Amino acid sequence: IPNRVKEVALHGIRHGAAMALAAMHVHSSHDLRLVPHRALVTRYPGDYERLVEDFFDAANSVALTSQADDIVNKVFSDL
């Protein structure tokens, strides 16, 4: 896979995560800006996949409110 494709995919993940955290910040009584930014340590990689599946609906909502063209253009604007 070309490096630019990987870069676009990772940027999309970052963008989606930021939008999800912003939405949860607004809809909850927690200040999510204070949460440590790291993945949970687990001996079982499948645990992450199960969490992703649990949050599929939220991720789908983030994807539907994101503009794919804007994400791709932001990555390639640094060329």
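H15 is located in helix α1, where helices are DSSP runs of H or I with at least four residues, strands are runs of E with at least two, and both are numbered from the N terminus. The model is a predicted one, in which local features need pLDDT of at least 70, side-chain atom pairs count only at pLDDT 80 or more, and totals for chains, interfaces and linings use all residues. Residues are numbered from 1 along each chain as its sequence is written, and side-chain values use heavy atoms, with hydrogens and water left out.

With a relative accessible area of 29%, H15 is partly exposed; buried denotes under 20% relative accessible area, exposed over 50%, and partly exposed the range in between (1.4 Å probe, protein chains only). Residues up to four places away in sequence being excluded, H15 touches S66 and I71, contact being defined as heavy atoms within 4.5 Å. The C-alpha atom of H15 is separated by 23 Å from that of V41, 26 residues apart along the chain.

Helix α1 itself comprises 25 residues (3-27) and reaches 36 Å from its first C-alpha to its last, close to the expected 36 Å at 1.5 Å a residue; the expected span is 1.5 Å times one less than the number of residues. The buried residues of this helix are V8, H11 and G16.

L32 occupies the loop between α1 and α2 (46-54). L32 is buried, its relative accessible area being 19%. Beyond its neighbours within four places in sequence, L32 is in contact with L21, M24, H25 and H37. A distance of 8.0 Å separates the C-alpha atoms of L32 and A22, which are 10 residues apart along the chain.

The protein as a whole contains 4 helices and 0 strands, arranged along the sequence in the pattern α-α-α-α. Its radius of gyration, taken over C-alpha atoms, is 14 Å, whereas a compact globule of 79 residues would have a value near 12 Å by the rule of 2.2 Å times the number of residues to the power 0.38. Along the principal axes, the C-alpha atoms fill a box of roughly 40 × 30 × 25 Å. Of the 79 residues, 10% count as buried. The accessible surface amounts to about 7,000 Å², of which 63% belongs to carbon and sulfur atoms.

How values were computed:
Accessible areas come from the Shrake-Rupley method with a 1.4 Å probe; for residues, only the protein chains shown count as cover.
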